[in-house]
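Here is a short briefing for a first look at this structure. Keep the sequence and the 3D view side by side as you read.

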Amino acid sequence: MEKQLQKNWVETDLEHLFNLVYGKGLSVGELLDEGFDVYGANGIIGKYDKFTYEKSKVIISCRGAASGVIHKTKPQSFITSNSIVLDEVSDELLNLDFVKYAMTIADKSDVITGTAQPQITIQLLKYLQFPLPPLTEQNRIVAKLDALFAQLETIKTSMAKVPLLLKDFRQQVLTQAVTGKLTEEWRKGKELESGLSTILQNRNKYYESLVKENKKYGLKVPKKLDYSEYEEFELSDSYKLPEYWKKSNLKNIADLITDGEHATPKRTEDGYYLLSARNVQNGFISLNNVDYVPKEEYDRIKKRCNPEHKDILISCSGTVGRVSIVPENLEFVMVRSAALVKFQSNTEISKFIEYTLRSDFGQSQILKLQKSTAQANLFLAPIGKIVVPIPSIIEQQEIVYRVESLFAKADAIEKQYETLKAKIDSLPQAILHKAFKGELTQQLDSDGDARELLQQIQELKVTASKTVKSKTNKTATKNVKSYSEQD
């Protein structure tokens with residue numbers, strides 16, 4: 001490693017530069033709301049009425065998952081025993097920010113021991129190799145790194161707005177879509193049929209076919225269709241619909257609104273998927289953290305609630321209002337924390353209905369209709385009251401096409417953002433590597449040689465050590481004399 005060092009740099013054991021000291025013990029119960037900052041294993045954890053160090057110190061976390069994390073403390077801070085202090089003998093010979101950067105990039109794998117409970121001991125840490133340049137070069141490197149990292153933070157702050165902007169863009173697209181503004185120009189000059197009439201006719205034919213084939217559908221199959229009167233729901237003036245569009249409550253256009261199993265299903269390690277509200281995400285079904293049921297449970301639950309492709313799922317307990325279509329070729333059953341809105345009689349409209357429910361138009365209604373006790377809940381009857389706009393079927397299809405096209409563009413931007421973010425997140429390490437390879441700053445002969453600096457530090461350490469021993473001996477002598485006089 002010596003040959004990789006820059007000219008006039010020197011590599012030395014950490015113990016040759018610092019007095020390595022554990023912080024002081026302090027329990028969580030002793031922390032206060034006000035006082036001096038207290039540094040634990042991973043940064044500031046609270047306040048205390050005393051501080052252990054007057055000046056800033058570089059510390060390394062030495063216990064738990066944060067072992068190896070580097071911090072530079074604020075002046076007048078209390079450092080707990082979960083960190084080791086790199087206590088320099090002179091703040092005039094070392095730039096603490098340089099120390100922080102050097103320790104951050106240092107390979108600490110050999111000094112971290114333990115698996116279940118990682119830790120670092122002074123005995124191992126003292127042999128960690130530290131690259132030491134002359135002081136003027138330390139200062140120059142720090143100035144360059146500080147400037148680069150400040151620019152990086154500015155970029156990160158700006159980039160952090162991108163996901164929020166994309167989220168807002170998607171919501172605006174949905175609102176424009178389900179209020180007719182997205183297809184306003186497209187409608188001009190067209191004679192369009194009533195979408196609601198088409199939906200109700202399809203729904204009627206579907207039920208007639210079910211009766212003829214003697215199929216059972218859910219727990220209850222209506223003997224006749226119940227087209228209830230439209231129930232008005234107070235909607236914002238901003239949700240004004242085109243004149244020819246109709247409005248309907250969800251219960252009047254859905255085949256069935258039900259929820260998943262109410263009793264606790266028998267779960268297994270594998271088998272058929274058992275979904276709950278947590279698996280229903282906006283626009284997709286997440287199979288992370290999913291439960292399973294055996295075939296006999298699957299068959300039993302499916303008789304009551306049978307999710308099919310193009311039906312709609314709504315999370316209705318806890319985090320309420322996430323909406324997704326049931327995807328193709330996914331076999332599953334559900335628990336009651338998710339609701340199922342069936343659209344087998346009108347599968348061509350289900351994507352438009354999904355977008356309606358995901359839009360502010362639908363979400364504002366869900367927010368008003370949900371009940372909140374210990375946690376938020378959306379029950380089946382209120383789901384049926386949700387008002388949905390009904391354009392013609394052909395316009396619904398045009399709207400879905402336009403939404404998907406705009407979402408695809410947003411997805412492409414989001415993918416570019418994630419790629420760029422990953423690169424930016426890796427920049428600090430890359431920048432530090434360049435800094436310690438001498439590629440960020442110019443080396444000057446006038447900087448001197450770090451060997452001379454190391455010698456000065458070691459001489460100060462020896463002097464400081466002799467001073468401490470002298471004080472210790474004087475105290476011991478004084479105590480012995482005191483005891484002798486008592487005798």
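This is a predicted model. Start at helix H9, where the buried residues are Ser350, Phe352, Ile353, Glu354, Tyr355, Thr356, Leu357 and Arg358.

**Helix H9**
- H9 spans residues 350–358.
- The helix is mostly covered, with 8 of its 9 residues buried.

**The open sheet**
- Four strands form an open sheet in the order S2-S8-S5-S6, and their pairing is antiparallel.
- Strand S2 (18–22) and strand S6 (70–72) are the edges, so named here for pairing on one side only.
- From one strand to the next, the twist averages 25 degrees.
- S2 and S8 run antiparallel and are joined by 5 bridges.
- Across that pairing, Leu20 stands opposite Leu86 in S8.
- Helix H1 packs on the sheet and touches S2, S5, S6 and S8.
- The direction of H1 makes about 170 degrees with that of S6.

**Salt bridges around Lys57**
- The count of salt bridges comes to 30.
- One of them joins Asp87 to Lys57, with the closest N and O atoms 2.7 Å apart.
- This pair links distant parts of the chain: Asp87 is in strand S8 (residues 83–88), while Lys57 is in the loop between strand S4 (43–48) and strand S5 (58–61), 30 residues away.
- Asp87 and Lys57 are both buried.
- Lys57 also meets Glu88 in a salt bridge, at 3.4 Å from N to O.
- Glu88 lies in S8 and Lys57 in the loop between S4 and S5, so this pair ties together parts 31 residues apart in sequence.
- Glu88 is buried, as is Lys57.

**Salt bridges elsewhere**
- Within helix H1 (residues 96–105), Lys100 and Asp97 sit 3 residues apart, about one turn of the helix.
- Lys100 and Asp97 form a salt bridge, their closest N and O atoms being 3.8 Å apart.
- Is Asp97 buried or exposed? Its relative accessibility is 18%, so Asp97 counts as buried, the cut-off being under 20%.
- Lys100 has a relative accessible area of 22%, so Lys100 is partly exposed.
- Asp37, Lys47 and Lys74 are linked in a network of salt bridges.

Technical notes: Residues are numbered from 1 along each chain as its sequence is written. This is a predicted model: local features need pLDDT of at least 70, side-chain atom pairs count only at pLDDT 80 or more; totals for chains, interfaces and linings use all residues. Side-chain values use heavy atoms; hydrogens and water are left out. Buried means under 20% relative accessible area, exposed over 50%, partly exposed in between (1.4 Å probe, protein chains only). Helices (H or I, at least four residues) and strands (E, at least two) are DSSP runs, numbered from the N terminus. A salt bridge is a side-chain nitrogen of Lys or Arg within 4 Å of a carboxyl oxygen of Asp or Glu. Two strands pair if DSSP finds at least two bridges between them. Axes are lines fitted to C-alpha atoms, for helices over the stretch in contact, and angles run from 0 to 180 degrees between N-to-C directions. Contact means heavy atoms within 4.5 Å.
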